[in-house]
Number of protein chains: 2
Amino acid sequence: MPDNSCGNSRIAGCQFTLYPMSDRFVDIILGALEEVDTSKVWKETDDVSTCVRGKMVHVFDVSKALFLHAAKTGEHVAMSGTFSIGCPGDTEADAYMDETDAPLNEQRSNEISQEAGCKFALYPMGRDDYMNAIYEQIDLSKHRKVKVSGTHYATRLDGDVSDIFSALQASFTSVQEKVSHVTMTFTISANSPSNKA
Amino acid sequence: MPDNSCGNSRIAGCQFTLYPMSDRFVDIILGALEEVDTSKVWKETDDVSTCVRGKMVHVFDVSKALFLHAAKTGEHVAMSGTFSIGCPGDTEADAYMDETDAPLNEQRSNEISQEAGCKFALYPMGRDDYMNAIYEQIDLSKHRKVKVSGTHYATRLDGDVSDIFSALQASFTSVQEKVSHVTMTFTISANSPSNKA
């Protein structure tokens, strides 16, 4: 669970799992990892999930690129995870905060056109009284290419994967400017047979 | 995102997705759904996730049973989701709060022996100053059959699926007694080939 003695590091992180619903899941995951440049983030993978940490721009760049490179196989692929900022940094990962801002995977990600559905929820910690004001600050109507709808416990976004990640990153950025510790859960799904009905 | 005008309903909910890493993913998901009695929870499924709402005991009972019945196929199966309480109830789902407490799937779930690894994180909303005290209240050492370890942004539990869900439910129950709005993210994974190395 979150360590609250972590101070005010602005290191961002994402703990996520990539799920290819396919017998070829190992190849698809390893293939995506091979195509994505993760050199600007701290990264650790075990049998349950992968954690990347570093500057926010690179955490989103790497997460989006991994999903896109897995989804472009045409298999039903999903990714669930949690973005966090404000907690927890450490010497090992903080070194990655010195990387330059240019995202390494942006160009190749932009070449992949992929529709998806995504549900996300933002949790600004320790500021319940501010939540309504904060949600007003998130203006999803700016993201015109993404269809926004409400659902229980979450907001749903439908559209191109790059546009969805842009909306996620903008919402997360906007809230973390006001609240030191913020988490954002997301599940994004592509090529689901439920959508071909 | 969470609706904060939801009052104080003690209805619990879980928004989750079941991920069989197999070409047979549709059959595995439908098969699990067929074997699990969901009549004591409100339930809605779309192409991204499933949401169940009702009394906490049934929300955990149904989530655990669905994971177990999918995992017992022997395929690599994972589930990611978020448990919530305190928000949001509505007339349609609140009707399920009148159900009796006896969990419908407990007996059959107990018959399935299945090892898994799980990462979870608890987010008590709007009470940052209380977080350390709350975490002290969660005594994971009570769950002696589960191996507990720390990881970035989460706590890891390893052991039998039923023991893991018991620890999750006890932690969640303990915190929601002190904080009106709590969420808990989790990812649980079984039969991963990474574990057979």
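In chain A, residues 24 or more positions apart account for 81% of the contacts that have a separation of 6 or more. The model from which this value was computed is a predicted one. Chain A contains six helices and eight strands, and, read from the N terminus, its elements follow the order β-α-β-β-α-β-α-α-β-α-β-β-α-β. Of the 197 residues in chain A, 59% are buried, while the chain exposes about 7900 Å², of which carbon and sulfur atoms supply 45%.

A:Cys14 belongs to strand β1 of chain A, which covers residues 12-20, and A:Cys14 is buried because its relative accessible area is 0%, where buried means under 20%. Apart from neighbours within four places in sequence, A:Cys14 is in contact with A:Thr50, A:Cys51, A:Val52, A:Val59, A:Ser63, A:Thr82, A:Phe83 and A:Phe186, and also with B:Tyr153 of the other chain. The C-alpha atom of A:Cys14 is separated by 22 Å from that of A:Gln114, which lies 100 residues away along the chain. A:Ser84, in strand β4 (residues 77-85) of chain A, likewise counts as buried, at 2% relative accessibility. The contacts of A:Ser84, with neighbours within four places in sequence left aside, include A:Ile11, A:Ala12, A:Gly13 and A:Phe172, as well as B:Tyr153.

In chain B, eight strands form an open sheet in the order β2-β3-β1-β4-β8-β5-β7-β6, with antiparallel pairing. Strands β2 (42-45) and β6 (147-151) of chain B stand at the edges and have a single partner strand each, so one side of each is left without a neighbour in the sheet. From one strand to the next, the twist averages 20 degrees. Within this sheet, strand β1 (residues 12-20) of chain B runs antiparallel to strand β3 (residues 50-54) of chain B, and the two are joined by five bridges; B:Cys14 stands opposite B:Val52 in β3(B).

Strand β1 of chain B also holds B:Phe16, which counts as buried because its relative accessibility is 3%. When residues up to four places away in sequence are not counted, B:Phe16 touches B:Ser49, B:Thr50, B:Val52, B:Ser63, B:Leu66, B:Met79, B:Ser80, B:Gly81 and B:Phe186. B:Asn132, by comparison, is 116 residues from B:Phe16 in sequence and 27 Å from it in space, C-alpha to C-alpha.

Helices of chain B lie across several of these strands. Helix α1 (residues 25-35) of chain B lies across β1 and β2 of chain B and runs at about 145 degrees to β1(B), whereas helix α6 (residues 161-176) of chain B lies across β4 (77-85), β5 (115-124), β7 (154-160) and β8 (182-190) of chain B, running at about 10 degrees to β5(B). The 16 residues of α6(B) should span 22 Å at 1.5 Å a residue, and the end C-alpha atoms of α6(B) are 22 Å apart, which agrees. The N-terminal end of α6(B) is capped by B:Asp160, a side-chain oxygen of which lies 3.1 Å from the backbone nitrogen of B:Ser162. B:Ser162 is itself one of the buried residues of α6(B), among which are also B:Val161, B:Ile164, B:Phe165, B:Ala167, B:Leu168, B:Ser171, B:Phe172 and B:Val175. An α-helix has 3.6 residues a turn, so residues three or four places apart point the same way.

Methods: Residues are numbered from 1 along each chain as its sequence is written. Chains are lettered from A and ligands numbered from 1 in the order in which they are written. This is a predicted model: local features need pLDDT of at least 70, side-chain atom pairs count only at pLDDT 80 or more; totals for chains, interfaces and linings use all residues. Side-chain values use heavy atoms; hydrogens and water are left out. Two strands pair if DSSP finds at least two bridges between them. Helices (H or I, at least four residues) and strands (E, at least two) are DSSP runs, numbered from the N terminus. Axes are lines fitted to C-alpha atoms, for helices over the stretch in contact, and angles run from 0 to 180 degrees between N-to-C directions. Contact means heavy atoms within 4.5 Å. Buried means under 20% relative accessible area, exposed over 50%, partly exposed in between (1.4 Å probe, protein chains only). Accessible areas come from the Shrake-Rupley method with a 1.4 Å probe; for residues, only the protein chains shown count as cover. The expected span of a helix is 1.5 Å times one less than its number of residues. A polar contact is a pair of N or O atoms within 3.5 Å; within protein, one must be able to donate a hydrogen and the other to accept it, and residues adjacent in sequence count only if both atoms are side-chain atoms.
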